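We will look at its cores, a helix pair and a few individual residues.

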Amino acid sequence: MTVYVATKNAGKLLELRAIFGAHGWTLETFAGYAEVEESAGSYAGNAALKARALRAQLLRDGIDGAALGDDSGLEVEALGGRPGVYSARFGGAGVTWPERRRLLLADLAGTGDTARGARFVCALHFIAPGGRETAVESFLEGTIAPEERGVGGFSYDPLFLFEPRGLTFAELSAEEKNEVSHRARAAGALLAALRDAAAADGKPSHAGT
Ligand code: IMP
């Protein structure tokens, strides 16, 4: 099935395409998609804002298409869960990603707290053709590395240590990250929820394989 996705983040789009592609979904961007302000203050709220905005824009163009909104972020324990929903804007809008990662390490060092626990969170909000909405949220725990490592992934990946492998997300291959990430977990939860809903209705599922 074709699903329109409400993101302009190339890194997230690549991952969502790979993860959902394995389940028979084709993820498309919509040229007319105008980004909305992420003003809800929660991942779930922002994911819903994005999906509903995209769905309304599709309908205005006469397309009764499925819309997927996603919102995600990094929560660092010793920073009281920051940067959280503000992950993309941490340190200000004009800050580069290397600067933003340095800022995060500096903030963490500044707390004097030796705890390095962190988690990536991902909320997905899906609107099926016809308008039924399904929302899920998942997370993956890890730790913040003492310094950045690896060149893969995007944004905070060089700082996020995936403990079972002793490697940062930027050191894992794209395939490895997509098997274990918060985004993969949320996608799995969404597909399961859609299958359950379809089974309850006695209808074929949107969830693919
Ligand atoms: P948003 O969902 O568009 O608000 O942006 C999410 C932000 O969270 C990204 O810009 C990153 O800062 C961070 N983030 C979410 N998922 C990941 C990931 O898998 N790797 C690295 N950073 C991520």
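## Ground rules

Helices (H or I, at least four residues) and strands (E, at least two) are DSSP runs, numbered from the N terminus. By that rule, Pro83 belongs to strand S4, residues 83-84.

This is a predicted model, in which local features need pLDDT of at least 70 and side-chain atom pairs count only at pLDDT 80 or more, while totals for chains, interfaces and linings use all residues. Residues are numbered from 1 along each chain as its sequence is written, and side-chain values use heavy atoms, with hydrogens and water left out.

## The nonpolar cores

A nonpolar core here is a set of buried Ala, Val, Leu, Ile, Met, Phe, Trp, Tyr and Cys residues joined through side-chain atoms within 4.5 Å. Buried means under 20% relative accessible area, exposed over 50%, and partly exposed in between (1.4 Å probe, protein chains only).

The largest nonpolar core has 22 residues, and those touching the most other members are Phe20, Trp25, Leu27, Leu68, Leu124, Phe126 and Leu190. Two or more residues come from each of strand S1 (2-5), helix H1 (10-21), strand S3 (66-76), strand S5 (117-127) and helix H5 (182-201). H5 gives the most to this core, with six residues. There is also a second, separate core of 18 residues, with Leu79, Leu104, Leu105 and Leu140 among them.

Phe126 sits in strand S5 and is buried, with a relative accessible area of 0%. Contact means heavy atoms within 4.5 Å. Not counting residues up to four places away in sequence, Phe126 touches Met1, Val3, Trp25, Ala66, Ala67, Leu68, Arg132, Glu133, Thr134, Leu190 and Leu194.

## How H1 meets H5

H1 and H5 pack at an angle of about 45 degrees, with their axes 10 Å apart. Axes are lines fitted to C-alpha atoms, for helices over the stretch in contact, and angles run from 0 to 180 degrees between N-to-C directions. That angle makes H1 oblique to H5; angles under 35 degrees count as roughly parallel, over 145 as roughly antiparallel, 65 to 115 as roughly perpendicular and the rest as oblique.

Which residues make the contact? H1 brings Lys12, Glu15, Leu16, Ile19 and Phe20, and H5 brings Arg183, Ala184, Ala187, Leu190 and Leu191. They divide into seven nonpolar, no polar and three charged, where Ala, Val, Leu, Ile, Met, Phe, Trp, Tyr, Cys and Pro count as nonpolar, Asp, Glu, Lys and Arg as charged, and the others, Gly among them, as polar.

Val76 is placed in strand S3 and counts as buried at 1% relative accessibility. Leaving aside neighbours within four places in sequence, the contacts of Val76 include Arg82, Pro83, Leu104 and Ile144. The peptide bond from Arg82 to Pro83 is cis, with omega near -5 degrees.

## Backbone at Ser155

Most residues other than glycine have a negative phi, and most peptide bonds are trans. Ser155 has a positive phi, near 50 degrees. Ser155 lies in the loop between strand S6 (133-144) and strand S7 (160-162), and is buried, with a relative accessible area of 15%.
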